[in-house]
Amino acid sequence: MAEVGFTLTQLRYFAAAAELGSMTAASKELMVSQSAVSTAVAQLEKELGVQLLLRHHARGLTLTAAGEAFQRELRSYLVHTTELAEVARSAGQALTGDLTVGCFTTLGPFELPRLLAACEADHPGIRISVVEDEHAALKQALRSGRCELALMYGYDLDDDIDHVRVGGAPPYVLLPRGHRLARRRKVSLRELADEPMVLLDLPHSRQYLERLVASVGVRPTVRHRTSGFETVRAMVANGQGWSVLNQRPASDTTYDGAEVVTLEIADPVEPLEVVVASMKDVRLTARAQAFVRSAVGGRRRPRA
């Protein structure tokens, strides 16, 4: 087997240049001279015998096909070199270091605080930062390495994304307090077919909710669409229509002081899975593995 002669520094300089698309930007990020970055990348290409970056005058850098393949593998490698150093420094001690976790926007208030607390209780040395965004953006954040894990719903997960189930979120009907069906415990969606609906209009959430209603033969008239979870609740509370949501706040009072009623759906509908997602071909760091274990266990712990 041929011996490789590139250095960890060369790999890190290449990773920065490839991510930022500029030798100048990489040098600022790394706090070294631009010539140091250019030389390191050139030496790496010479050692590998392949061109990784295309240099465009006044237009920065782009990756070659070989560069793209190399960058994909390199992300995981660099994460684990950092972890390896931390393992050596903290041998025999608790897990330490940084972990970035993505979170789907509407899941944040309901799931994230408890899971963070569970991980902190189990591993106080792990420093967790959170990226909140919608579904498609979180998948891209996983692929780019912006976050190592993402707390999200288990729909529309592509083949390159792995996931662990940490809970479920059954859908329910939301009605204003004075609605004719408000005293019921359950309701069929067909009983609301002729009334206007307020739709939570987020990418993927919108399609999920529309499919769910359509699955029981209902084609609702959508009066209002909003990307705000609490806005949906407030509109329903004020008589603007009915809605279907998955996460249930502890209080039926909306921000404006009005009230909603939640009813179970009598039709056979499947709950959404709540999952922790990660890239399938990337080995998780020990910190990420610890978070997943705490997340699974955290769902079983009673609320304080």
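In this predicted model, α4 supplies the largest share of the lining of the largest pocket, namely eleven residues. The volume of the largest pocket is about 1,200 Å³. Its lining comprises 38 residues, and those closest to the pocket centre are R75, S76, V79, S144 and G145. Two or more lining residues are given by each of the elements α1 (8-20), α2 (23-30), α4 (65-89), β3 (97-104), α6 (135-144) and β13 (272-279).

| Class of lining residue | Number of residues |
|---|---|
| Nonpolar | 13 residues |
| Polar | ten residues |

The domain assignment gives domain 1 (8-75), domain 2 (94-168 + 273-298) and domain 3 (171-269). Both domain 1 and domain 2 take part in the lining of the largest pocket, with at least three residues from each. The centres of domain 1 and domain 2, taken over C-alpha atoms, lie 29 Å apart.

Is T285 buried or exposed? T285 counts as buried because its relative accessibility is 0%, and buried means under 20%. Along the chain, T285 and L52 are 233 residues apart, and a distance of 27 Å separates their C-alpha atoms.

How values were computed. Residues are numbered from 1 along each chain as its sequence is written. This is a predicted model: local features need pLDDT of at least 70, side-chain atom pairs count only at pLDDT 80 or more; totals for chains, interfaces and linings use all residues. Side-chain values use heavy atoms; hydrogens and water are left out. On a 1 Å grid over the protein atoms alone, a cavity is a set of points where a 1.4 Å probe fits but cannot get out, and a pocket is an open set with protein on both sides within 12 Å along at least five of seven lines; lining residues have an atom within 4 Å of a point. Grid points are joined across faces, edges and corners, and a volume is the space filled by probe spheres set on the points. Helices (H or I, at least four residues) and strands (E, at least two) are DSSP runs, numbered from the N terminus. Ala, Val, Leu, Ile, Met, Phe, Trp, Tyr, Cys and Pro count as nonpolar, Asp, Glu, Lys and Arg as charged, and the others, Gly among them, as polar. Domain bounds come from an automatic or database domain assignment. Buried means under 20% relative accessible area, exposed over 50%, partly exposed in between (1.4 Å probe, protein chains only).
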